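Please keep the sequence and the model at hand while reading.

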Amino acid sequence: MGDGKTLVVVGVEDIIDPMLDPVLEKELIRKGSKYFVNVSDKVMDYDPNFRLYFISRLPNPTLSPELQAKTTLIDFTVTQKGLEEQLLGKVIGKEQRALEEQLTQVLEEVNVNTKSLMHLDASLLERLTSNSGDLLDDDELVSVLAGTKAKAADVNAKLVAADETRSNIAEKREQFRPAATRGSVLYFAIVEMSLVNSMYQTSLDQFLDLFMGSMDRADPATLASKRVANIIDTMTYMTYRYVNRGLYEADKLAFVMLVTMKILIVADKVKGDEMAFLLRGGATLDIGSVRGNSFKWMTNEVWLNIVQLSQQCKFYADLTGKMVANEAAWRRWYEDNQPENKTIPDYEHRLTDEADVGPFLKLLLVRCLRIDRTILMSKEFLRNTKEMGPTYVEPVTDTIESVYDDMCSEVPVIFLLSRGADPTDTIEILCRKKKLPPLAVISLGEGQEVVAKKAINAGVVNGSWVLLQNCELCLELMGELEGIMEKLKGG
């Protein structure tokens with residue numbers, strides 16, 4: 001602080017040590033021309049040029065109002081559109097490296113020529129203001145004016161040419177934007193899964209590995225549009241399998257639905273209010289403020305869903321009228337054991353004509369009238385949606401061998417176990433297959449931190465695997481584990 005330098009503190013959580021309060025609140029002591037601050041009962045020199053920055057990796061830290069009042073909060077979290085631009089650069093760098101290099105060169109030339117033009121203007125203005133005589137009699141000034149005009153015309157011509165080149169490059173780059181858009185959508189769908197369970201954390205670095213890997217695995221194609229389609233299909237499925245592996249069974253369908261809905265919303269095939277209806281139904285309406293329930297065989301809750309659907313979805317704007325006019329057919333459909341497999345009164349042909357969004361519109365209707373069949377209808381919706389397909393609904397099994405193929409020595413593998421599950425035997429069998437040293441199995445608990453660290457250090461030397469069990473009993477070690485792995489990676 002006394003030298004006026006900048007201090008950056010990384011890895012900050014929700015709380016900052018109260019010891020720093022005098023610094024944050026600027027409780028300065030002035031003695032003559034010098035400033036001092038009392039930190040932990042120690043008076044320290046303070047330079048007004050001193051700056052203190054805290055950096056947190058938490059996506060949404062719950063900072064107290066008192067702390068926010070003492071600091072300036074800046075959100076550097078990447079936005080969906082910002083990430084799309086970053087990913088587009090990575091796609092072009094991978095698929096069209098020469099194009100990206102040409103763009104960089106053009107931008108550099110634009111900067112140089114723009115500065116040159118500004119320098120000419122400044123130089124000319126300086127000569128004009130410093131001249132005290134008749135401007136027309138100053139032959140040297142007239143010569144400078146002519147030279148400046150010629151140079152400015154040349155620079156402007158270069159800027160125009162560069163602008164045309166940049167437009168052509170931008171047009172070619174846009175051919176690959178759909179791949180970047182899909183990547184951005186997938187990442188933010190993954191991020192939102194952490195709201196379902198805090199264990200579902202995936203970093204941007206992890207996703208970037210998937211994103212770049214998808215271009216390596218995607219089938220080649222001569223046409224850019226076909227190549228982009230191949231990248232999108234490969235990327236979407238790779239991401240699905242990667243994330244699906246770390247989800248509890250109850251949340252796997254939710255993830256695929258979330259991805260699908262984001263894709264459709266970005267493609268402008270589904271509106272945000274339609275998505276809101278899928279989640280909330282008619283819960284925002286009051287039975288006393290809408291048209292009365294016309295059917296004795298229908299609950300008020302379902303009736304509110306119908307009213308809300310007719311108000312929010314243009315396709316179903318006449319739903320209530322059609323149900324009143326064709327009550328018998330709608331009642332049969334409503335009371336059927338499997339209504340999603342039956343012909344929908346008044347709408348079947350219209351839904352067939354809506355090829356792109358027909359499955360989603362049918363899902364909305366089933367969720368509206370028969371919420372108990374929504375999960376089954378959601379699977380049918382995914383199966384029939386062009387952007388996804390049957391492969392995203394069929395059960396998949398990840399073997400320990402497939403996990404091993406994606407492993408690397410610097411990244412631990414975490415097993416989320418349900419009651420009664422134990423992967424120890426499977427891991428030991430794989431270890432023997434790979435002809436590795438015996439697996440070190442440590443059941444964590446009191447006093448086992450030292451044993452675990454010793455096993456990890458030994459594994460680094462001899463290439464053995466370490467299996468830490470009951471990790472919830474040793475959370476302090478879990479907090480240290482990242483630092484341990486970073487040191488090993490750096491070494």
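## The second largest pocket

Lining the second largest pocket are L253, A254, M257, L258, M261, M275, L278, L279, R367, T374, I375 and S378, where a pocket is, on a 1 Å grid over the protein atoms alone, an open set of points where a 1.4 Å probe fits, with protein on both sides within 12 Å along at least five of seven lines, and lining residues have an atom within 4 Å of a point. The space in this second largest pocket comes to about 360 Å³, a volume being the space filled by probe spheres set on the points, which are joined across faces, edges and corners.

At least two lining residues each come from α9 (249-266), α10 (272-280) and α16 (374-384), helices being DSSP runs of H or I with at least four residues, numbered from the N terminus. Helix α9 gives the largest share of the lining, five residues.

## Basis of the model

The model is predicted, and local features need pLDDT of at least 70, while side-chain atom pairs count only at pLDDT 80 or more and totals for chains, interfaces and linings use all residues. Residues are numbered from 1 along each chain as its sequence is written, and side-chain values use heavy atoms, with hydrogens and water left out.

Leaving aside neighbours within four places in sequence, Y316 has contacts (heavy atoms within 4.5 Å) with L309, S310, Y347, L351, L361, K362 and L365.

## T239 in helix α8

T239 sits in helix α8, which spans residues 224-244, and is buried at 1% relative accessibility, the term meaning under 20% relative accessible area with a 1.4 Å probe and protein chains only. The side chain of T239 reaches the backbone oxygen of M235 at 2.8 Å, and, not counting residues up to four places away in sequence, T239 touches L186, I190, F207 and L210.

## Cysteines

The structure holds zero disulfides, a disulfide being a pair of cysteine sulfur atoms within 2.5 Å. For C313, the nearest cysteine sulfur is that of C368, 10 Å away, so the two are too far apart for a bond. Both are buried, C313 with a relative accessible area of 2% and C368 at 1% relative accessibility.

Technical notes
Buried < 20%, exposed > 50% of the residue type's maximum accessible area, 1.4 Å probe, protein only. Polar contact = N/O pair within 3.5 Å; in protein donor to acceptor, adjacent residues only side chain to side chain.
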